[in-house]
Amino acid sequence: MGRRRSEPKVQDDREELDERVLDIKRVAKVIKGGRRFAFRTVVVVGDNRGRVGVGTGKARSVPDAIRKGSESARKNMRQVFVIGTSIPHATTAEFGGATVMLRPASPGTGVIAGGAVRAVVEAAGIKDILTKSQGSANMLNVARATLDGLSGLMSYEEIARSRGKEPSEVVPFWLRRAKTGGE
């Protein structure tokens, strides 16, 4: 009997990441002899601690397309600024024909989102958020718009500096209440 090779370290990394397949579509390439079919997948990968990525993969078989999409998402992971269980401020992002609005929510609200927005937000580790998706319902465009919106978030200190105010003036009421003990 031969020795078994030890599993690569990548397996350990994959276990701690939250991976979700958003979409699987059959696509066709027209060639001289007819059509050649393949599958395109959209995959979201996140660590539930503020890092999230969206990737696509295309292959002749579904498992290969999912693997390629997962690798692409891992390469494209971005850091998202999360405060508590929500985002620091409201934002709107567009990608292609999709527009996504993201708004912070009080603790206990939950994730008010659907489809691709929910998958991206949950993979990033956000627990309380209000969202609205408008325009195109294409899963890939909605996921990328959500990722663009999340990666464009700023901290309270940056917001206060840009407005010429103190950081305590731009903190949302629910976070101010939590810091002062519920006054």
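## Overall picture

Among contacts between residues at least 6 apart in sequence, 57% join residues at least 24 apart. The structure is a predicted model. The protein has 183 residues, of which 39% count as buried. Its secondary structure comes to 7 helices and 8 strands.

The accessible surface of the protein is about 10900 Å². Carbon and sulfur atoms account for 48% of that area.

## A four-stranded sheet

An open sheet is built from 4 strands in the order E5-E6-E8-E7, and its pairing is mixed. Strand E5 (91-95) and strand E7 (111-112) each have a single partner strand and stand at the edges, so one side of each has no neighbour in the sheet.

Strand E6 covers residues 98-104 and strand E8 covers residues 129-135. These two strands pair in the antiparallel sense over 7 bridges. In one of these bridges, Met-101 has Lys-132 in E8 as its partner.

## The helix across the sheet

Helix H4 spans residues 139-151 and lies across E5, E6 and E8. The helix runs at about 140° to E5.

Thr-56 belongs to strand E3, which covers residues 51-59. Thr-56 has a relative accessible area of 26%, and buried means under 20%, so Thr-56 counts as partly exposed.

Beyond its neighbours within four places in sequence, Thr-56 is in contact with Thr-41, Val-42, Lys-68, Gly-69, Ser-72, Leu-140 and Arg-144. The C-alpha atoms of Thr-56 and Ile-66 are 8.0 Å apart, and the two residues are 10 residues apart in sequence.

Conventions. Residues are numbered from 1 along each chain as its sequence is written. This is a predicted model: local features need pLDDT of at least 70, side-chain atom pairs count only at pLDDT 80 or more; totals for chains, interfaces and linings use all residues. Side-chain values use heavy atoms; hydrogens and water are left out. Buried means under 20% relative accessible area, exposed over 50%, partly exposed in between (1.4 Å probe, protein chains only). Contact means heavy atoms within 4.5 Å. Accessible areas come from the Shrake-Rupley method with a 1.4 Å probe; for residues, only the protein chains shown count as cover. Two strands pair if DSSP finds at least two bridges between them. Axes are lines fitted to C-alpha atoms, for helices over the stretch in contact, and angles run from 0 to 180 degrees between N-to-C directions.
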